[in-house]
Amino acid sequence: MSPDAILRIDALTKLFFGFRALDSLSLHVARGEILGLVGPNGSGKTTCINVVSGLYAPEAGSVVFDGEEVAGLSTHKLVHRGINRTFQVPKPFMHLTARENVDVAIAYGRNPQGEVDAGALLASLNLDALASRPAAELNSAQQKMLDLARALATGPKLLLVDELAAGLNPAELDWVAAKLKDFARAGMSIIVVEHLMGFIEQVTDRVVVMNAGHEIFGGTLAEAVQDGKVVEVFLGGGHAG
Amino acid sequence: MAPVTAAFAILPSVYSNHLLLFNFVVFLTLAQGVNVIYGFTGYLPFGYVGFFGAGAYGFSLLVMHLHAPPVLALGAAGVSAVALGLLLTPLLRLSGAYFSIANLAASLAVLHFISNPNLEPITRGPYGVSLSGVFNPDLAYSIAVAVMAFALIVVVYLRNSRFGLALQAVREDAVSAASAGVDVVRVRVYAWLISSVIAGFAGGVYAWYVSVFYPETVFGSDYSIFAIVFALFGGVSTIIGPIVGVVLLYGVYNFIGFSTPQYFQLIYGALIILLVLFLPQGLISFVKRRGVDVP
Ligand SMILES: Nc1ncnc2c1ncn2[C@@H]1O[C@H](COP(=O)(O)OP(=O)(O)O)[C@@H](O)[C@H]1O
Ligand SMILES: [Mg+2]
């Protein structure tokens, strides 16, 4: 394992009323790496993001970020340390304008590079024309981009994106893929949860395959599709995405 | 904001019913206090009067026992309300109706504590407070207008500051607000304490103005219900919404409700439910829908 990992998850366990949504999950992300996190529906990908971003405290295991144990810290503290995320079902501030959505994160996100310009940030995600519209009026793909804008405003070192590509057309997919690669080239580390394997192939350096809350494979996507356990989970488990 | 303050500063010289004017000022203040906590964070405080009563008694205790000058005693009114607010911060963990009911229960508990006959040497228990030594309605009225101006300034600040924006973000979606870096618990507590100090000052200046009152007077649930219905009716999270609500509804109340106040409790109680369900943004929303940005 890379000694210079920005994130190192070890034996992470998250229970929901006794159900093991994460069952001794271990993985790491290197600095500047884009890691794909894949697995059938219900395998715990979103839960992994939720625990790493502080929405839930784990029952056991450790999350080491940038050399420090951060498991169980609250979300805003993790944001200030440099972890941010998008949501599978977008969660903008519906009655606030797109611009105000970003303004909150600019004001409170403690971006180490200083406060970013809201207009430029929105423009970089093709939201500039919608800046003064309430977030509720944006379509789902635009709301996901607004989630991303809010996360970027805080200057994350580690970005967790949960099914950002779902619902985008092929041209938009290419555009988002290029964006993520740009971020990584600038030094950001990223975990991408996605069902679209083409997208995973396009953006990730490496994938971790999850099943039932546990990692069953780590390596390149090309190796993953050769792996017996992975094939069994995807063919037998139903949702191959 | 300035016109409202100026109007109520001048009105006593042209309109003779000073008590009515004073009550308007008190409700304008309380409606803005409700605005802070409900309009900017989404907590509906059915026991809001608890802070008003705490302020009234904080003021009275200092005047009765320490013979403090009224302006200093007003400081104690604010401190008492904030102390009660701090004591009640765990309620902010409850959501929706649970918060509202627990807040109502808390205000009743404080009422029963203060009116306990065993506390007669301190609070005068159920027999009420008399502060005839500091009776000065003209000065008290002026200070009440200043307290109202303070409440208005607070709301203007919330409408135009990053802190106010953070509060609205928390109201919209607490998880996303945390993702924007907002310490959700902390900003909620701040808003709660700000709204409590507003009601505390209002209660203190009320005690000063009337000088004689009973626990039931300053802990009456009418104050909570009226302040909430006025704020909701006009439209919360704006500055002028609560003002419009007080002027219209308290105007109607004084015009026809004086002889039959019991119906108004019923009507206003029902109105709160209807507003929350069907017109959460109040009358202001009719203007907003036309694309007008209401301050
Ligand atoms: N808040 C929750 N409460 C109860 N169960 C949950 C909760 N969140 C996720 N789960 C359960 O945990 C499992 C993993 O869910 P999730 O992480 O969303 O999977 P994925 O994102 O891989 O589709 C599912 O069985 C889901 O029902
Ligand atoms: Mg998911």
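Predicted model: local features only at pLDDT ≥ 70, side-chain atom pairs only at ≥ 80, totals over all residues.
Before you start: residues count from 1 along each chain as its sequence is written, and chains are lettered from A in the order in which they are written. Local features need pLDDT of at least 70 and side-chain atom pairs pLDDT 80 or more, while totals for chains, interfaces and linings use all residues; side-chain values use heavy atoms, without hydrogens and water.

A salt bridge here is a side-chain nitrogen of Lys or Arg within 4 Å of a carboxyl oxygen of Asp or Glu. The whole structure holds 13 of them over all chains.

**Stop 1.** Select A:Arg31 and A:Asp66. Their side chains form a salt bridge, 2.9 Å from N to O. A:Arg31 sits in the loop between β2 (19-30) and β3 (34-38) of chain A, and A:Asp66 in the loop between β4 (60-65) and β5 (68-69), 35 residues apart. Strands are DSSP E runs of at least two residues, helices H or I runs of at least four, numbered from the N terminus. A:Arg31 is partly exposed at 41% relative accessibility; A:Asp66 is too, at 27%. Buried means under 20% relative accessible area, exposed over 50%, partly exposed in between (1.4 Å probe, protein chains only).

**Stop 2.** Go to A:Arg133 and A:Glu137. This salt bridge spans 2.7 Å, N to O. A:Arg133 is partly exposed at 37%, and A:Glu137 is partly exposed at 47%.

**Stop 3.** Select B:Asp173 and A:Lys91. Their closest N and O atoms are 3.1 Å apart, in a salt bridge. B:Asp173 lies between α8 (162-172) and α9 (174-179) of chain B, and A:Lys91 between β6 (83-85) and α3 (98-108) of chain A, so the pair joins two chains. B:Asp173 is buried at 14%; A:Lys91 is partly exposed at 24%.
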